[in-house]
There are 2 protein chains.
Amino acid sequence: MKTSKEIESCNNCIYRKLLFESLNEEEYRLVNNSRTEYIYKRGEIIRQEGEPIDSFLYLRSGLIKLYKTNKSGKDHILSINKPGDFISLLSIFSNSVYKYSITAIEETKVCEVGLSALQKVIVSNSAFALRVLNKMSRVSDDIIESQFEIRQRQVKGRIAYFILFLADRIYRKREFRLPITRREIGELISMTTENTIRTLSEFRKDGIISMDGKIITILDYDRMQSISKTG
Amino acid sequence: MKTSKEIESCNNCIYRKLLFESLNEEEYRLVNNSRTEYIYKRGEIIRQEGEPIDSFLYLRSGLIKLYKTNKSGKDHILSINKPGDFISLLSIFSNSVYKYSITAIEETKVCEVGLSALQKVIVSNSAFALRVLNKMSRVSDDIIESQFEIRQRQVKGRIAYFILFLADRIYRKREFRLPITRREIGELISMTTENTIRTLSEFRKDGIISMDGKIITILDYDRMQSISKTG
DNA sequence: CTTGCGTTATGACATATGTCATGAAAAAGG
DNA sequence: CCTTTTTCATGACATATGTCATAACGCAAG
């Protein structure tokens, strides 16, 4: 499952400042000693629903999806997360097991910090606790907001919303490679694969995007925004 | 807006134990001095989207809805919350203004604690911080989970899910008074009022529930569960 | 008590979405 | 390289959901 291991110091990590800035030497050592860095290949499962929560996961590079499989075997994707996101913190303090599965959708570097070490530092360092609280509420907020936005749109609006999410928040470009299949887009926006494909084709026919396999270029950004808002 | 004010000591509050147990005298005094208790009548707006977050809100009795109004003027309800729930904590640490509006759907008692007092205690008392972290993640988790469950069902399943939510988690009875209108149920499950009404009528015709205005009785609990799971 | 307005209710019809079938294209695996 | 599997694509049709119209009912304000 975990294909490769490669420990680096947090000192070189651009996220150290974000999170560990307020730690003193001892606290930092405590965190760092219980820290491991793993690399997951595309498609590898990082954590599975029901597994005990043993550590705090922090995404350093790559992309992951958070999802759940229902009884019929159908997956429903909750969110796509990017570097800098806390990918497990959601339930770390209220659940003992993962409520959702996590899979790497491209090669992904994950920092894993032992839960007990993290809790010790939270107890000893209140500035750090506030920082975690802040970051954590932001991630939950983002998930709630995106689900909320998705649910009040129909297919065209949902796909436009997702394409703009990728363009604006993930890649910051108007041309990018879809990181997931059309089936997975459907699992994310709660639509069938066929309708997802059909709608993307329609956007292409209407000249709003061009498509070459997984490469998408937004040709008419304004119209895409308008569809995301109204449809 | 706030119709009545009535300060009680936290000592008599059944929730004190839940949250304020770990506070020492001074911390407790700090919280209590910045604490006010308000009573909101049915339909009264407790907080409005966009208002600055000044305090931490804690629901002592009654029921509230969390919702957002979109540009077309249509409301979308995010959750119905019951006593014991943190109703503002969601965005308290990551936003300076409320992202959602809060309205009392029946007479509701709300405890309001000044945000700065709360933050001071979080910084000074790490056990309390952990408790807040735990409770907070649970509330966010609940919202994410219910949205997640709703979105993968169609109308019948969504309504069955909601009816069972009321029966099992809010009233703990099989007969209860719907606290909201059918339009609001639609706003909660993202369906039109007509389809919501139609589906409830259908449940009645099929002998799954009986209805007398807003009074609902679940006659066939098993079938209701089965619809909630499959439909 | 009456009036007015929102809620509940239902039908007819339009539109959106799902399902099933089929095939081409692309990716994965030996 | 070839084979196998998955993804992408599209059509025809079934079903679910939305829209519009209409009416009875109930609650609340005067």
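Reader: How many salt bridges are there between chain A and chain B?
Author: Three salt bridges. Keep in mind that this is a predicted model.

Reader: Which residue of chain B does Glu145(A) pair with?
Author: Lys99(B). The closest N and O atoms of that salt bridge are 2.7 Å apart.

Reader: And polar contacts across the interface, how many residue pairs?
Author: The rule finds 17 residue pairs, both residues at pLDDT 80 or more.

Reader: Which helix gives the most to the side of chain A that touches chain B?
Author: H5(A), with 16 residues. The residues on that side of chain A divide into 15 nonpolar, 13 polar and seven charged.

Reader: How much area do the two chains bury between them?
Author: About 3500 Å², with 58% of it on carbon and sulfur atoms. Leu133(A), Ile144(A) and Arg151(A) supply 20% of what chain A buries against chain B, more than any other three residues. The contact takes 35 residues from chain A and 35 residues from chain B.

Reader: New topic. How many salt bridges over all chains?
Author: A search of the whole structure finds 23. One of them joins Glu37(B) to Arg60(B), with 2.8 Å between the closest N and O atoms. This pair links distant parts of the chain, 23 residues apart: Glu37(B) is in strand S2 and Arg60(B) in strand S4 of chain B.

Reader: Is Glu37(B) buried or exposed?
Author: Buried, at 2% relative accessible area. Arg60(B) is buried too, at 12%. Both count as buried because their values are under 20%.

Reader: What does Glu112(B) form a salt bridge with?
Author: Arg47(B), and the closest N and O atoms are 2.8 Å apart. Glu112(B) is in strand S8 and Arg47(B) in strand S3 of chain B, 65 residues apart. Both residues are buried.

Reader: What about Arg223(B), which residue does its side chain meet?
Author: Asp220(B), in a salt bridge of 3.3 Å, N to O. Arg223(B) is partly exposed at 36% relative accessibility. Asp220(B) is partly exposed as well, at 26%.

Reader: Switching to H2(B). Which residues are buried there?
Author: Glu27(B), Tyr28(B) and Val31(B). They are on the same side of H2(B), because they cover an arc of only 95° around the axis. On the other side, Glu25(B), Glu26(B) and Asn33(B) are exposed.

Reader: What happens at the start of H2(B)?
Author: A side-chain oxygen of Asn24(B) reaches to within 3.0 Å of the backbone nitrogen of Glu26(B).

Reader: Last one, backbone angles. What is the phi of Arg172(A)?
Author: Positive, about 55°, although Arg172(A) is not a glycine. Most residues other than glycine have a negative phi. Arg172(A) lies in the loop between helix H6 and strand S9 of chain A, and it is exposed at 65% relative accessibility.

Reader: And Arg172(B), what phi there?
Author: Positive again, about 50°. Arg172(B) is in the loop between helix H6 and strand S9 of chain B. Arg172(B) is exposed, at 66%.

Note on methods: Residues are numbered from 1 along each chain as its sequence is written. Chains are lettered from A and ligands numbered from 1 in the order in which they are written. This is a predicted model: local features need pLDDT of at least 70, side-chain atom pairs count only at pLDDT 80 or more; totals for chains, interfaces and linings use all residues. Side-chain values use heavy atoms; hydrogens and water are left out. Contact means heavy atoms within 4.5 Å. Buried area is the accessible area (1.4 Å probe) that two parts lose on being put together, summed over both. A salt bridge is a side-chain nitrogen of Lys or Arg within 4 Å of a carboxyl oxygen of Asp or Glu. A polar contact is a pair of N or O atoms within 3.5 Å; within protein, one must be able to donate a hydrogen and the other to accept it, and residues adjacent in sequence count only if both atoms are side-chain atoms. Helices (H or I, at least four residues) and strands (E, at least two) are DSSP runs, numbered from the N terminus. Ala, Val, Leu, Ile, Met, Phe, Trp, Tyr, Cys and Pro count as nonpolar, Asp, Glu, Lys and Arg as charged, and the others, Gly among them, as polar. Buried means under 20% relative accessible area, exposed over 50%, partly exposed in between (1.4 Å probe, protein chains only). The arc is that of the directions from the helix axis to the C-beta atoms.
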